[in-house]
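Take a look at the model below. The paragraphs after it walk through the chains step by step.

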Amino acid sequence: MSLGKEFTKGIIRENPLFRLTLGLCPSLAVTTSVENGLGMGAAFSAVLLASNITIALLRKIIPDSIRIPSFIVIIATFVTLIEMIMHAFAPDLFKSLGIYIPLIVVNCVILGRAEAFASKNSLMPSIMDGLGMGLGFTLALVIISAFREILGAGTFYGIPLFGASANPALIMILPPGGFITMGIILALMNKFQHDAK
Amino acid sequence: MNNESSLLLVSSSPHIRNTDSVPAAMRDVIIALLPALVASLYFFRMASLKVILTCVVVAVICEVVCRKVMKREASIHDNSAIVTGLLLAFCLPPAVPLWIAGIGAAVAIIIGKQLFGGLGNNIYNPALIGRAFLTAAWPVYMTTWSAPLDGVTTATPLGIIKEAGKLQALGDAGAAQELMKQLPALGDMLIGNIGGSLGETSALALIIGGLYLLYRGHIDWRIPFTYIGTVFILTTIIGLSTGQGMWYPLFHVLAGGLMIGAFFMATDWVTSPITKKGRIIFGLGCGLLTVLIRTKGGYPEGVCYSILLMNTVTPLIDRYTKSRVFGRVKNHA
C-alpha cells in the first residue's frame with residue numbers, strides 16, 4: 001500500500017469513529033461544542049502521531065509478550081505531556097475537556113493503531129497512518145459536535161447563528177443528543193456505503 | 001366457491017384464525033381514547049384542538065414520508081400513526097407552542113418508530129419517546145401548565161406536592177402547608193378539572209376508555225391492574241406512615257399520567273411483555289418506578305420514564321418468564 005493510501009484510508013474508508021466505531025465514549029462525551037470537538041481531536045491526533053512514531057521505532061525491541069503494557073506506557077507518556085501543555089497554554093479547553101484528556105491513554109483507537117499498525121510497520125507508513133487516523137477522528141468529532149452545537153445551543157464555534165428568539169433543542173447537547181446524532185450519522189454512512197456497492 | 005378451494009386444504013399451523021387485524025385494533029384504541037378527547041376539548045378548548053390536530057397531522061405525514069423515503073411498504077392504513085399522534089398530544093401541556101408539538105410528533109414517528117423498522121419493531125413506545133425528547137429539549141415549555149377552562153398558568157397537583165416537599169425539607173413547614181391548600185379536590189381530579197397534560201387530567205374518561213379496551217380484549221388486565229395497584233399500595237404505605245391517611249394514595253392514583261400510562265401506554269402491544277407472568281412483573285416495575293420518581297426523584301411525574309425504563313427490560317422479562325416447554329427431556333443421556 002502506498003504512503004498516500006495509508007494517509008487517506010483513515011479519513012473515510014477506515015474512519016476510526018464512523019467506520020471502526022472505536023473510541024465512542026470520549027467522542028460522545030466531549031462533542032457538545034465544536035471548540036471541544038476540535039480541541040479533543042487535536043490532542044488525540046498529537047498523541048496518536050507521537051505514539052505511532054515511537055512504537056514503530058521500538059517495534060523490534062519490545063518483547064511480544066509485554067507489548068500491551070509497553071504501548072500503554074508510551075501512550076501515557078505522551079498524554080501526560082499533552083495534558084500539561086494544554087493546562088499551560090489552553091486552560092479553558094483543559095477545563096472543559098476535563099477527565100477526557102487523561103482518558104486518551106485508554107482510547108481504543110490509539111491502542112488499536114499501535115497494535116494493528118505501528119507495531120507491524122516501519123516509520124513512514126506509521127506516520128502516515130497516525131496523521132490520517134488523527135485527521136479522520138478530528139473530522140468525525142467536528143461533524144458530530146457541529147450538528148449538536150447548532151441544534152442544541154444555536155451556535156457554531158461559539159458564534160450565535162440564529163436570533164435571540166431562537167429556541168435550540170437543549171437535548172442535543174445533553175448525552176441523549178450524542179447518541180441520537182451518532183446513530184443517525186452511522187445509519188447514513190451505512191446507507192451510502194450500501195448504495196455505493 | 002370454485003372447485004379448487006373446496007378441495008381438502010393441507011396447511012401448516014396456526015389453524016385457528018380470527019378476523020382481528022392491526023387496523024381494526026388501532027381503530028378500537030382510537031374509540032377508547034374518545035372520552036378523554038372529549039374531556040380534553042371541554043377543559044382546554046381551542047388549545048387542546050390545535051395541539052391534537054398538529055400532533056396527529058404531523059405524525060401521519062411523517063409516517064407516509066418515512067415509508068416512502070425508506071422504500072418500505074406504505075403502512076398508513078394501520079392507523080397506528082394516528083394513535084401515536086393522539087397519545088403524544090394527550091401528554092403535552094395545553095399551552096405548548098405548536099411547533100414543539102409538531103417536532104415531538106416527528107421525533108416519535110421517525111426516531112421512535114420508523115428508524116427501528118416500523119410498527120412491531122420499535123423497542124420503546126413512540127409517543128413516550130416524543131414526550132421524553134421534548135421534555136429534555138424544551139424543559140420550560142414542557143412544564144408550563146395552564147388551568148382548565150380559563151387557561152391561567154397554574155401548577156399540576158403533583159407539581160404542588162413536589163414543591164411542598166422541597167419547602168418542608170428546607171424547614172419551611174408553614175409555607176409548605178399553605179401550598180398544600182392549593183391542591184384540588186379528589187372529585188375534580190377524577191373528572192379532570194385540574195391543571196395538567198391535555199388528555200391525562202380526566203381519570204374518569206381514561207378509565208372508561210380503558211374498560212372498553214379490556215372488554216374488547218385488546219389489552220390484558222394484568223398490566224394496568226398491577227401498575228395502578230402497585231402505585232396504590234406503595235402510596236398507601238407512605239400515606240399511613242406519614243399520617244396523611246387514605247387521601248394520599250387516592251391522590252397519587254388519580255394524579256398525573258398514571259391512568260393514561262397504565263391503560264394506553266404500558267399496554268402497548270409491541271413494547272410490553274407477551275407472557276402473563278412477564279406482564280405482572282412489567283406492571284410491578286412501572287408502579288415501583290413511578291412512585292420512586294414521584295416521591296424521591298427530581299421530576300414531579302414519573303409515568304413516562306417508568307414505562308420507558310420498563311420497555312427497555314421487556315425483552316429480558318420475556319426471556320426469563322418463558323413458559324416451560326413440556327415433553328422435552330431435561331438431560332440427554
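Predicted model: local features only at pLDDT ≥ 70, side-chain atom pairs only at ≥ 80, totals over all residues.

Residues are numbered from 1 along each chain as its sequence is written, while chains are lettered from A and ligands numbered from 1 in the order in which they are written.

Start with chain B. Its secondary structure comes to 15 helices and two strands. Helices (H or I, at least four residues) and strands (E, at least two) are DSSP runs, numbered from the N terminus. Along the principal axes, the C-alpha atoms of chain B fill a box of roughly 85 × 55 × 30 Å.

Of the 333 residues of chain B, 47% count as buried. A residue is buried if 20 or more other C-beta atoms lie within 10 Å of its own, exposed if 12 or fewer, and partly exposed in between; the C-beta atoms are placed from the backbone. Contacts use a different cut-off: two residues are in contact if their C-beta atoms, placed from the backbone, lie within 7 Å. Among contacts in chain B between residues at least 6 apart in sequence, 72% join residues at least 24 apart.

The axes of helix H3 (residues 80-90) and helix H5 (residues 126-137) of chain B come within 8 Å. They cross at roughly 40 degrees. Axes are lines fitted to C-alpha atoms, for helices over the stretch in contact, and angles run from 0 to 180 degrees between N-to-C directions. H3(B) and H5(B) are therefore oblique to each other. Angles under 35 degrees count as roughly parallel, over 145 as roughly antiparallel, 65 to 115 as roughly perpendicular and the rest as oblique. The contact is made by B:Thr84, B:Leu87 and B:Leu88 on H3(B), with B:Pro126, B:Ala127, B:Gly130 and B:Arg131 on H5(B). By class, this contact has four nonpolar, two polar and one charged residues. Ala, Val, Leu, Ile, Met, Phe, Trp, Tyr, Cys and Pro count as nonpolar, Asp, Glu, Lys and Arg as charged, and the others, Gly among them, as polar.

B:Gly85 is also found in helix H3 of chain B. Is B:Gly85 buried or exposed? It is buried, with 30 other C-beta atoms within 10 Å. Leaving aside neighbours within four places in sequence, B:Gly85 is in contact with B:Cys55, B:Val56, B:Ala59, B:Val60 and B:Ala105.

Next, the interface. Six residues of chain B are in contact with seven residues of chain A. H5(B) gives the most to the chain B side, with three residues. That side has six nonpolar, no polar and no charged residues.

Finish in chain A. A:Arg59 sits in the loop between helix H3 (34-58) and helix H4 (67-89). With 17 other C-beta atoms within 10 Å, A:Arg59 is partly exposed. A:Arg59 touches A:Ala118 and A:Ser119, not counting residues up to four places away in sequence. A:Lys120 is found in the loop between helix H6 (108-118) and helix H7 (123-153) of chain A. A:Lys120 counts as partly exposed, with 13 C-beta neighbours inside 10 Å.
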